[in-house]
Amino acid sequence: MWYFPRLLVISSLTGLSTCYSGYSVVKPQKSYQPIPSDTLTNTKPSEAVDDINVLLAALPESIPNRELLAQSWYSYRQRFIQNDGRVIDYEASDRSTSEGQAYAMLRAVLIDDPVTFAKTLNWAENNLQRFQEDGTKSDNLWSWKWGRKSDGRWGAIDSNFASDGDIDAITALIFASRRWNRPQYLQLARNKLQDLWNISTATGMNGERYLLPGPAKAFVSNESIYLNPSYFAPYAFRIFAQVDPKNDWLSLVDSSYDVLEKSASLSKVNLPSDWVLLSTRTGKFEILPQSKNIKTLYSFDAYRVWWRLALDATWFKSKKAEKYLESSTQHLQNLWQQKSRISARINLEGKEVVDYEATSQYAMLYPAMKIVAPKIAEEILNQKLLSKHKKGIWDDYSAYYTQNLAWLGILPSSSVSEKLLKPSKSEL
C-alpha cells in the first residue's frame, strides 16, 4: 500500500481551495483510457438537458434567485465540465479533484440533472480509484488530485484521499438514490461509507471518534491528530447514520461540535481555523507550528464551516449549530457593520491580514447570517454576491471553487425536499 511522509501528505492535501495561479483555456489531451462500461446508470450523454428552461423548471418557483441559480449551473456545465464528466480546475494547471467532482454531483442532484450527475460520477469512478502497489483496488474512496504528471501523461497525481470530497460525494449519492429511485447509488454510497469510517476516522484519548481530513497514517501521530474543521459535516453524518447503522456516525456529530466549540478558543475572536491540532496526550486543541505549510487561522477552508452548520441548523434543527453560528460570527458581524467588507484572511488575534476579499467567503457566510443576522445576510447577498454574478459566472472564468461555493451558499437550504433528507421504506 502507498505511503508518504506525513508532512508531505498533509501539505499535498491543502491545495483544494487556495490556488490563484493562471490557467489555460486549452483543454488538455488525455492519455488515460476511461472504462467504457456504464454500470451505475442507464442514461446516455446524448440525453443531457441542454435547455436552461428545463433546469429552471427543476427549481420551485418559491426559491429566490432561481433564474440566477439555473443560469449558473448551465454556465458551469459548459465552462468547467468536459463531455466525459471531468471537472476542470483551470486555476491549478487544469487539474481535477475529488472535491470538484463531488461538488458537481451535489449540485446536479439538487437541480435535478441526472445525466450530469452520472457523467461526473462515472468519470471519478473510472479515474480516481485508489490502488495498492500490486495493482489491486485499495478501497472505494477517491484519489484527491488528477492531472498532468511529470512525464506528460495524465492520471492520478496524488493517490491520497481528502475526506471532504468523499463526504460530499456520498451525500450526493444518497440524495440521488432517493430522488431518482436508483438503489445502485445507495449501494455505492454504503460501500464508500464503510471505507470512510475504517480509514478516515480515529479515536481520541477518551474514546471520542473524530473525522480525519484523509488517511489515518497521514494525520495521526503519536502525539497529535491533525483536524480540518471545515470537513465536519454534521448533517451528512446524520444522513449516513440512516443508511449505515453498523457504524456510529452520530458520534461524529458530537465530536465535530466538540472540536468546533473548544478550538474556537484558539482565536481571540472565536473564529474557526483552517487547521488545528488535537493533542493525544492532553486532549487539548493546539495551534499548528508556524513552520508548517498548513496554518491555524481563518481562511479559505474555514469558510465552509458556516455553510455546513447552517445546513445542520436548517435540515435537522440543530441547536448546537445555531449556538455556534451565533457566537462565532460575532467578530465578522462587527467587521461588516464597521466596514461593509470582510478580509479573506483573519489571524488568531482577529486582525485582517490581507487587503482583498473573497466571494467564496461571503457565499458560505450568507446562509449562516440568514439564521443569526438576517439583515446582514441580505446586505451580503446584494452587495457581495448578486453583484459579482455576470453571465452565469462569479468573479472570473477560472474560479471553479468560487462557482461552487457561491451556488451552494445562495441555494436556500430550506428548499431541499424532505424526500432527500429522510430514508425511504426501501432503505430500512
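Author: A contact here means heavy atoms within 4.5 Å. You're looking at a predicted model, in which local features need pLDDT of at least 70 and side-chain atom pairs count only at pLDDT 80 or more, while totals for chains, interfaces and linings use all residues. Residues are numbered from 1 along each chain as its sequence is written, and side-chain values use heavy atoms, with hydrogens and water left out.

Reader: OK, take the contacts with a separation of 6 or more: what share comes from residues 24 or more positions apart?
Author: Start with the parts: the protein has 17 helices and twelve strands, where helices (H or I, at least four residues) and strands (E, at least two) are DSSP runs, numbered from the N terminus. Among the contacts with a separation of 6 or more, the share from residues 24 or more positions apart is 67%.

Reader: And how much of the protein is buried?
Author: Buried means under 20% relative accessible area, exposed over 50% and partly exposed in between, with a 1.4 Å probe and protein chains only. Of the 428 residues, the buried share is 59%.

Reader: Which residues does Phe117 touch?
Author: Phe117 belongs to that largest core and is among the residues touching the most other members. Leaving aside residues up to four places away in sequence, its contacts are Met105, Ala108, Val109, Ala172, Leu173, Ala176, Trp180 and Tyr185.

Reader: How do the axes of H4 and H6 cross, and at what angle?
Author: Residues on both sides meet: Ala102, Leu106 and Val109 are among those in H4, and Asp168, Ala172 and Phe175 among those in H6. The crossing is left-handed, a term for a near helix turned anticlockwise from the far one by less than a right angle, clockwise being right-handed. Axes are lines fitted to C-alpha atoms, for helices over the stretch in contact, with angles running from 0 to 180 degrees between N-to-C directions. The axis of H4 (residues 98-110) comes within 8 Å of that of H6, and they cross at roughly 25 degrees.

Reader: So is H4 roughly parallel or roughly antiparallel to H6?
Author: The axes cross at roughly 25 degrees. Angles under 35 degrees count as roughly parallel, over 145 as roughly antiparallel, 65 to 115 as roughly perpendicular and the rest as oblique. That makes H4 and H6 roughly parallel.

Reader: Is Asp168 buried or exposed?
Author: Asp168 sits in helix H6. Not counting residues up to four places away in sequence, it touches Ala102, Tyr103, Leu106, Tyr235 and Arg308. With a relative accessibility of 1%, Asp168 counts as buried.

Reader: How far is Lys419 from Phe175, C-alpha to C-alpha?
Author: Lys419 lies in helix H17 (residues 418-421) and counts as partly exposed, at 49% relative accessibility. It touches Arg178 and Arg179, with residues up to four places away in sequence left out. In sequence, Lys419 and Phe175 are 244 residues apart, but in space their C-alpha distance is 8.5 Å.

Reader: In the hairpin of S4 and S5, which residue takes a positive phi?
Author: Within this pair, Trp146 has Ala156 in S5 as its bridge partner. The hairpin has five residues between the strands, and a positive phi near 95 degrees is taken by Gly152.

Reader: Which residue in S9 is the bridge partner of Tyr226?
Author: S8, S9 and S10 form an open antiparallel sheet in that order. Four bridges join S8 to S9 (residues 276-279). Across from Tyr226, the partner in S9 is Leu277.

Key
Pairing = 2+ DSSP bridges. Core = buried A, V, L, I, M, F, W, Y, C linked by side-chain atoms within 4.5 Å.
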